Amino acid sequence: MANIKSQMKRNRQNERRNARNRAIRSELKTRQKQAIDAAQAGDAAKAEELLVVAQKRIDMAVTKGVLHKNTAARRKARLTAQVRSILA
């Protein structure tokens with residue numbers, strides 16, 4: 001446990017940021033899974049709609065500093081390719 005006041009504050013900040021980042025990463029996984037599940041069910045319109053939502057959430061994670069922009073681009077490309085290949 002920290003004894004220095006500034007380090008105590010830093011620990012509190014890190015806990016808040018960690019909780020926020022965990023929630024964002026969890027939501028990303030959920031959105032990606034929903035898009036893939038819709039594609040596997042054969043519902044092309046719903047899959048495309050959920051794909052757009054998932055891509056938007058990935059972009060939001062970049063703006064919040066949870067993901068690096070190249071990581072986001074890679075994830076979006078892989079997700080799009082996966083959904084399109086299932087629908088094809």
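**View 1. Buried positions of helix α1.** In this predicted model, the buried residues of α1 are Q13, N21, I24, L28, Q32, A35, I36, A38 and A39; buried denotes under 20% relative accessible area, exposed over 50% and partly exposed in between, with a 1.4 Å probe and protein chains only. An α-helix has 3.6 residues a turn, so residues three or four places apart point the same way. The buried residues of α1 pack against α2 (44–63) and α3 (69–87), contact being defined as heavy atoms within 4.5 Å. Local features require pLDDT of at least 70 and side-chain atom pairs pLDDT 80 or more, whereas totals for chains, interfaces and linings use all residues. Residues are numbered from 1 along each chain as its sequence is written, and side-chain values use heavy atoms, without hydrogens and water.

**View 2. Helix α1 from end to end.** Helix α1 covers residues 5–40, and its 36 residues should span 52 Å at 1.5 Å a residue; the expected span is 1.5 Å times one less than the number of residues. The end C-alpha atoms are 53 Å apart, which agrees. Just after α1, G42 adopts a positive phi of about 90 degrees.

**View 3. L67 in the loop between α2 and α3.** L67 lies in the loop between these two helices and is buried, with a relative accessible area of 10%. Apart from neighbours within four places in sequence, L67 is in contact with L28, I58, A61, V62 and R75. Of these, L28 is also listed among the buried residues of α1. The C-alpha atoms of L67 and T80 are 18 Å apart in space, at a sequence separation of 13 residues.

**View 4. The whole chain as context.** The protein chain has 3 helices and 0 strands, in the order α-α-α; helices (H or I, at least four residues) and strands (E, at least two) are DSSP runs numbered from the N terminus. The radius of gyration is 17 Å, well over the 12 Å that the globule rule gives for 88 residues, so the chain is more spread out than a compact globule. That radius is taken over C-alpha atoms, and the rule is 2.2 Å times the number of residues to the power 0.38. Along its principal axes the C-alpha trace spans about 60 × 20 × 15 Å. Buried residues make up 25% of the 88 residues. Of the contacts with a separation of 6 or more, 59% join residues 24 or more positions apart.
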